[in-house]
Amino acid sequence: MSDAAQTPNAKFKPRIFSGIQPSGNLTLGNYLGALKRFAQKQDEGIETIYCLVDLHAITVWQEPEALKRQTREAAAAFIAAGIDPARSILFNQSQVSAHAELAWLLNCVARIGWMYRMTQFKDKTSGKNAENSSLGLLAYPSLMAADILLYHATMVPVGEDQKQHLELTRDIAAKFNHDYKTDFFPSPEPLIEGAATRVMSLRDGSKKMSKSDPSDASRINLTDSADTIAKKFRKAVTDPAPLPETLDGLAERPEARNLVNIYAALADKTVEDVIAEYGGQGWGVFKPALADLAVDKLAPISTEMARLMNDPAEIDRILGQGAAKADEIAQPILAKTLDIMGMVRSR
Ligand code: AQP
């Protein structure tokens, strides 16, 4: 149904929404695929709403005290990466109850079969008993649709892995509009841009870098020290051949391509530029250069995160203020959705 009944967005003002799960240490993948671009979008002057999606995080087990710390740490990462709470709305999802309320309404619009087709659900339950995973994990994309549609967001910057969920959001919006004969919800566009829309594991070039990967060596955490970053890149799995002289030479070399993509994204260069500079060189040259670049870019972020984490009350204040602003936008949209669906509203 993706192509059917797509809603034109002309009547909606441009607004960006995106989120990150506070489900562990944020990674270089989260930074390049999401955070760095969130800050760029804010700086382009578009209205931006960014959310720490703690209700999503609990679709898999989270230790309660750890979740609180991770949420504050993720907020610190957003601010350290350039999100300015005076220009962007920054909050954690559970402080705006309209997310959960709209998610329920959309659960009644979305179809179960759509959820079973989501590759992230299949990946997260593969090798395990899917029947024993939480109902929330299956319904995750419906909550994500609610997050976005609650603000009538028109654009959603995400990494490649979230593309399918975004398509589902569009399908849910289209079905709602079709079923209730309305054009109430926009059809949000995914913004998947840059050289590192899918940063891969440093241990396995076929798996995405992920904060919940059991191997810490598979990822660069935003809180890693310079030494740890250098060590992880030095030990990153690669083939023995030197870097290719042309872009085509990366086609069948996922690990090499991943490191070149990371370099390009960190340096704000194209992959072609990186190949022009390092083509023909061995890993003994490229890996230390990549580690230096990563430390150069990430050290100021981790230093600022550590500073912010010394004042958790200030982080909570920022999240509370952001939640109040988000709630102001969300409440009328939730109220109108309830009305469209036939709920009596008498107080
Ligand atoms: N490896 C990645 N490369 C590029 N972008 C990535 N993102 C995540 N991993 C990569 C982008 O970061 C944003 C927030 O993702 P999330 O934390 O909400 O969920 P996720 O995609 O499931 O990320 P993780 O790290 O794999 O989390 P866990 O392990 O908790 O499931 C999204 O825009 C995502 O595309």
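**Note on the ligand site and the buried packing**

1. A polar side-chain atom of Lys124 sits 2.6 Å from an oxygen atom of the ligand. The model under review is predicted, and this separation, like every other value below, is computed from that model. Two further polar pairs involve the ligand. The side chain of Asn30 places an N or O atom 3.2 Å from a ligand oxygen atom, while a polar backbone atom of Met209 lies 2.9 Å from a ligand nitrogen atom. On its own the ligand would expose 640 Å², and the protein buries 98% of that area.

2. The shell around the ligand consists of 23 residues, and the closest are Ser23, Lys124, Asp161, Lys211 and Ser212. Strand E1, helix H1 (28-43) and helix H6 (119-125) each contribute at least two residues to this shell. Helix H1 provides the largest share, with four residues.

3. Which residues of helix H4 are buried? In H4, residues 98-107, they are Ala98, His99, Leu102, Ala103, Leu105 and Leu106. These residues lie on the same side of H4, because they cover an arc of only 160° around its axis. An α-helix has 3.6 residues a turn, so residues three or four places apart point the same way. The packing partners of the buried H4 residues are strands E1 (15-20), E2 (47-52) and E3 (88-92), together with helices H7 (135-149), H8 (163-179) and H13 (312-340).

4. Helix H11 spans residues 271-278, and its buried residues are Val271, Val274, Ile275 and Tyr278. They line one face of the helix, since they fall within an arc of 100° when seen down the axis of H11. Their packing is against helix H10 (254-267) and helix H12 (283-309). Just after H11, Gly280 adopts a positive phi of about 90°.

5. Thr48 belongs to strand E2, one of the elements against which the buried residues of H4 pack. Is Thr48 buried or exposed? Its relative accessible area is 2%, and Thr48 is therefore buried, the cut-off being under 20%. Setting aside residues up to four places away in sequence, Thr48 touches Ile16, Lys41, Gln42, Arg87, Ser88 and Ile89.

6. Ile220 is located in the loop between strand E5 (189-191) and helix H9 (226-234). Although this is a loop position, Ile220 counts as buried, at 0% relative accessibility. With neighbours within four places in sequence left aside, Ile220 is in contact with Leu26, Thr27, Leu28, Leu202, Met209, Ile229, Lys232, Phe233 and Leu298. Met209 in that list is also the residue whose backbone has a polar atom 2.9 Å from a nitrogen atom of the ligand. Ile220 and Ala294 stand 74 residues apart in sequence, and their C-alpha atoms are 9.4 Å apart in space.

7. How many disulfides does a search of the whole structure find? The search returns zero. As for individual cysteines, Cys51 is buried, with a relative accessible area of 0%, whereas Cys108 is partly exposed at 44% relative accessibility.

Note on methods: Residues are numbered from 1 along each chain as its sequence is written. This is a predicted model: local features need pLDDT of at least 70, side-chain atom pairs count only at pLDDT 80 or more; totals for chains, interfaces and linings use all residues. Side-chain values use heavy atoms; hydrogens and water are left out. A disulfide is a pair of cysteine sulfur atoms within 2.5 Å. Buried means under 20% relative accessible area, exposed over 50%, partly exposed in between (1.4 Å probe, protein chains only). The arc is that of the directions from the helix axis to the C-beta atoms. Contact means heavy atoms within 4.5 Å. A residue is near a molecule or strand if one of its heavy atoms lies within 4 Å of it. A polar contact is a pair of N or O atoms within 3.5 Å; within protein, one must be able to donate a hydrogen and the other to accept it, and residues adjacent in sequence count only if both atoms are side-chain atoms. Accessible areas come from the Shrake-Rupley method with a 1.4 Å probe; for residues, only the protein chains shown count as cover.
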